[in-house]
There are 2 protein chains.
Amino acid sequence: MTMMLAGADLELLQLPAFAALAIQLPGGALQNTIMWYRVDQDTLRMIAPAASAKARALQRSPQVAVAIHDPDNSYDYLEIRGHAEVVADDAAARAELREIAGRYIGERAGAYVAALSDTPRVLIVVRPDRVRRHRGAPVPAAG
Amino acid sequence: MTMMLAGADLELLQLPAFAALAIQLPGGALQNTIMWYRVDQDTLRMIAPAASAKARALQRSPQVAVAIHDPDNSYDYLEIRGHAEVVADDAAARAELREIAGRYIGERAGAYVAALSDTPRVLIVVRPDRVRRHRGAPVPAAG
């Protein structure tokens, strides 16, 4: 299998950066939210409440576009276009969230997940269709 | 007129942060790219090449969602949903780009714009329909 997420792109993705996740809502409006994520195999994993607009919209319209920039150089970023699968398994989502949270808050991840409300969560699995690296410099080419 | 971009949200927008701009491409895929921007009155201004996929797509499908996070605290961000107008006026786009670039590269903005290729640029004017501030903490509520 050809990996879509590899090499220098994978290095960027393994930084504790944040993902801007764009989706389409029912009715056509777009949503663009800042998310924690983790790479697993050739996917991005994210978590959302099962009842959220995000989880419900993705079940109807799975197309996503994710932008992730190097926290130390916003001119260097990845755009990942793909499709999201919503896995309605609260236990799996919480187990995954512990892994994801560890990237951002380290040892506090266990206590963080343990303290969550009982509101069911879903696992969002983003499979890339197209990955594009934009390598800008502090003075980039315009647009 | 009620301003959509005001108060603490305007303070965040006036930081030299970057915008993740989500749009819909012909065929339904989404695009999410990292952009320079500037606030003017109650709009966001951005620049793109006239021939870019972005400029062409926005003329067909003006819905956008913009996510902008505080560079010093990614848990604090704005999501702006709105509509974009594409203004095909290269001179106006270059004049605006000089203003926008000044936010990011200061005095170098003039030389930067002067050195651009002749490729025509367009001005993208984003008018907000809905502005939502997400104020997270370093350990946020999940999703």
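Two residues are in contact if their C-beta atoms, placed from the backbone, lie within 7 Å. The model discussed here is predicted.

Reader: Which residues of helix H2 of chain B are buried, and on how wide an arc do they lie?
Author: H2(B) spans residues 53–60. Its buried residues are Lys54(B), Ala55(B), Ala57(B) and Leu58(B). They sit on the same side of H2(B), because the arc they cover around the axis is only 165°.

Reader: What covers the buried residues of H2(B)?
Author: Strands of chain B are part of the cover. It includes S1 (19–24), S2 (30–35), S4 (43–49), S6 (73–87) and S7 (121–135).

Reader: Why is strand S2 of chain A largely enclosed by the rest of the structure?
Author: S2(A) runs over residues 30–35, six residues in total. It is largely enclosed because the number of them that are buried is five.

Reader: How many bridges join strand S1 of chain A to S2(A)?
Author: The two strands run antiparallel. One of the pairs is Ile23(A) with Gln31(A). The number of bridges joining S1(A) to S2(A) is six.

Reader: Which residue in the turn between S1(A) and S2(A) has a positive phi?
Author: The two strands form a hairpin. Five residues lie between them. In that turn, a positive phi of about 100° belongs to Gly27(A).

Reader: Which element gives the most to the side of chain B that touches chain A?
Author: Across the two chains, 35 residues of chain B are in contact with 34 of chain A. Elements giving two or more residues to the chain B side include S1, S5 (63–70) and helix H3 (90–105). With six residues, the one that gives the most is S5(B).

Key:
Residues numbered from 1 in each chain as written. Chains lettered and ligands numbered in written order. Predicted model: local features only at pLDDT ≥ 70, side-chain atom pairs only at ≥ 80, totals over all residues. Buried ≥ 20, exposed ≤ 12 C-beta atoms within 10 Å, placed from the backbone. Helix = DSSP H or I, 4+ residues; strand = E, 2+ residues; numbered from the N terminus. Arc of directions from axis to C-beta. Pairing = 2+ DSSP bridges.
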